[in-house]
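Subject: Structure handover and findings

Hello,

Here is the structure for your files. Please open it before reading on.

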Amino acid sequence: MATAVIETGTLPAYDLDEDGESGILLDTFTMAFKRTYETKRNANKSTVFQRGVDPMVEITAAGRISGSTRVTFAAFHPGTTITALTNYATTIRGFNPASGKIIFQDVEDTLNNVDTTPTFSFTAMHYPIMA
């Protein structure tokens, strides 16, 4: 039948390209620069003072993993410290990635039987004042 799918050969697992390179292909990378805010209100319940404390950066990423990188990436456990992120190597909006700690938080890996390349997503928090 002309509408049937015909496959020949073996689709290599975890390969994003023909060269078989290992790596992470990011689909999204987001940085949210945040603070916790303390406010004071007057008798009319109107805000008259605000203090921004506890600066932080929430980093989220999602993409696909290929080759041996999956094994390396799997070594990171939630709660561990990330020493460097390629996409966050220089000071951005006053936040210096070399100061404080970047903590790897929520992570999700997805495997399915349609696409052999596993996908991932994670959140990390950068606390620049943490020692």
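Below are notes on the strands, the core and the salt bridges.

Some ground rules. This is a predicted model, so local features need pLDDT of at least 70 and side-chain atom pairs count only at pLDDT 80 or more, while totals for chains, interfaces and linings use all residues. Residues are numbered from 1 along each chain as its sequence is written, and side-chain values use heavy atoms, with hydrogens and water left out.

Strand pairing

Strands here are DSSP runs of E, at least two residues long, numbered from the N terminus. Two strands count as paired if DSSP finds at least two bridges between them.

Start with strand 5 (119-127). Strand 2 (47-66) pairs with strand 5 in the antiparallel sense, over eight bridges. Within strand 5, Thr123 is the residue opposite Thr60.

Strand 4 (101-110) also runs antiparallel to strand 5, and eight bridges join them. Phe104 has Ala124 of strand 5 as its bridge partner. Ile103 stands opposite Met125 in strand 5.

In strand 4, Ile103 stands opposite Thr81. Strand 3 (residues 81-82) pairs antiparallel with strand 4 over two bridges.

How enclosed is strand 5? Seven of its nine residues are buried (under 20% relative accessible area; exposed is over 50%, partly exposed in between; 1.4 Å probe, protein chains only). Strand 5 is therefore largely enclosed by the rest of the structure.

Nonpolar core

A nonpolar core is a set of buried Ala, Val, Leu, Ile, Met, Phe, Trp, Tyr and Cys residues joined through side-chain atoms within 4.5 Å. The largest one holds 14 residues. Ile59, Leu85, Tyr88, Ile102 and Phe122 touch the most other members. Strands 2, 4 and 5 each supply at least two residues of this core. Strand 2 gives the most, with four.

Which residues does Ile102 contact, leaving aside its neighbours within four places in sequence? Contact means heavy atoms within 4.5 Å. The list is Ile59, Thr80, Thr81, Ile82, Leu85, Tyr88, Pro97, Ala124, Met125 and His126.

Salt bridges

The cut-off is a side-chain nitrogen of Lys or Arg within 4 Å of a carboxyl oxygen of Asp or Glu. A search of the whole structure finds three.

- Arg64 and Asp27: the closest N and O atoms are 3.5 Å apart. The pair links distant parts of the chain, with Arg64 in strand 2 and Asp27 in strand 1 (residues 23-41), 37 residues apart. Arg64 is partly exposed, at 26% relative accessibility.
- Lys34 and Glu58: the side chains meet at 2.9 Å, N to O. This pair also links distant parts of the chain: Lys34 lies in strand 1, Glu58 in strand 2, 24 residues apart. Lys34 is partly exposed, with a relative accessible area of 35%. Glu58 counts as partly exposed too, at 25%.
- Glu38 and Arg51: the side chains meet at 3.3 Å, N to O. Glu38 lies in strand 1 and Arg51 in strand 2, so the pair ties together parts that are 13 residues apart in sequence. Glu38 is partly exposed at 38%, and Arg51 is partly exposed at 41%.

Best wishes
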